[in-house]
Amino acid sequence: MDLDVFVTAHRAEWDRLDHLLHRGRGLTGAEADELVALYQRTATHLSLIQSSAPDPQLTARLTQLVARARSTVTGTRRASWRDAVGFLTAGFPAAVYRSRHWWIPTAVLSTVLAAVIGWWIGTHPEVQASIAAPDDLRSLTRPGGEYETYYSSHPAASFAAQVWTNNAQAAAMCLVLGAFLCVPVVWILFLNVLNLGVGIGLMSSAGRLDTFLGLVLPHGLLELTAVFVAAGTGLRLGWTVIDPGPRTRRAALAQQGRAALGMAVGLALILFVSGVIEGFVTPSGLPTWARITIGVVAELAFLAYVYILGGRASRAGDTGDLEADGRSAELPSAA
């Protein structure tokens, strides 16, 4: 492309678009139609220049011009309570539902790995000895030991807030760091699985696995599911970098990234519920069966929420991405 010739041929159109934008609301119907046509044409010009003859100064001018035109054409939109309700009843569960082929295998493999690690530690005293001294292990696993008192070591409200903050940070890291080719997500997930496996192994070696599960399951079912969803979504985001499919890598990553950021907000709410259970139910004086029942009900409610509301929204075309008028315009690809 001869850039000078291209600029000479289209400068009048860009100047005309700029003039119409400065006119603002005082446009006639014909001028408004002209503005829309010039906006679409200028967006195509910008795409051609970026792909064939990139010029920083011209690209910056046209980018600003296209952004102003898009704002004028589509108008500005403020978030409302209706948006929040739509996100919670359709967008978020649809995003979780659509990523189920990633987080369900992640959950299954992680659970199996935690069980294997627990069996390995529980059946090999030499491995236990490498973790801590015998006296320290007894202080962890004995009745009234640290595994039990951990959940009641702080006031329930502050403990729930601390747990929620830590878990929300871990989930957000999985979602954000997935773009780095999945590696950080795998590491974060492994650390969580390892921690669970060590607890299973040490408590089973002390003959107190039932006590451990009675403490973990009430909050752990929902908490681990949220972590698995975050990890699976992060892995999906990382795979999008490797294989974007038929779309451009930028467009595919932008769509998955927007859905992932929205999912971070939704998962923070789910982890808040698990944090409340961990702070108030897990250390309570309720019978073990009652505490586990509360955890199972919370888990089943979340799965029903995802598969009923999310499945319905997904079949209706909701991807968990922003609405078309809430995201940046995608420029047409040059042939």
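## Around Arg208

Leaving aside residues up to four places away in sequence, Arg208 touches Thr141, Arg142, Pro143, Glu148 and Met203, where a contact means heavy atoms within 4.5 Å. This is a predicted model, so local features need pLDDT of at least 70 and side-chain atom pairs count only at pLDDT 80 or more, while totals for chains, interfaces and linings use all residues. Numbering runs from 1 along each chain as its sequence is written, and side-chain values use heavy atoms, with hydrogens and water left out.

Arg208 sits in the loop between α10 (183-205) and α11 (209-242); helices here are DSSP runs of H or I, at least four residues, numbered from the N terminus. At a relative accessible area of 13%, Arg208 is buried (buried is under 20%, exposed over 50%, partly exposed in between, with a 1.4 Å probe and protein chains only). Arg142 is 66 residues away along the chain, yet its C-alpha atom is 8.4 Å from that of Arg208. The Arg208 side chain also reaches the backbone oxygen of Arg142 at 3.4 Å.

## Aromatic rings

Rings of Phe, Tyr and Trp (its six-membered ring) pair up if their centres lie within 6.5 Å; planes under 30 degrees apart are stacked, over 60 edge-to-face, and the rest tilted. That rule gives nine aromatic pairs. One of them is Phe302 with Tyr305, a tilted pair at 6.4 Å centre to centre and 40° between the planes. The two are three residues apart in helix α13 (residues 288-315), so about one helical turn separates them.

## Transmembrane spans

An unreviewed UniProt entry places "transmembrane region" at residues 102-121, 170-191, 211-238, 259-277 and 289-308; such annotations may be inferred rather than shown by experiment. Take two of these spans. Residues 259-277 are 100% helix and 0% strand, with end C-alpha atoms 27 Å apart. Residues 170-191 are 77% helix and 0% strand, and their end C-alpha atoms lie 11 Å apart.

pLDDT is the predictor's confidence in each residue, from 0 to 100. The chain's mean is 86, and 93% of its residues reach 70 or more. Where pLDDT is low, predicted coordinates should not be read in detail.

Notes. Polar contact = N/O pair within 3.5 Å; in protein donor to acceptor, adjacent residues only side chain to side chain.
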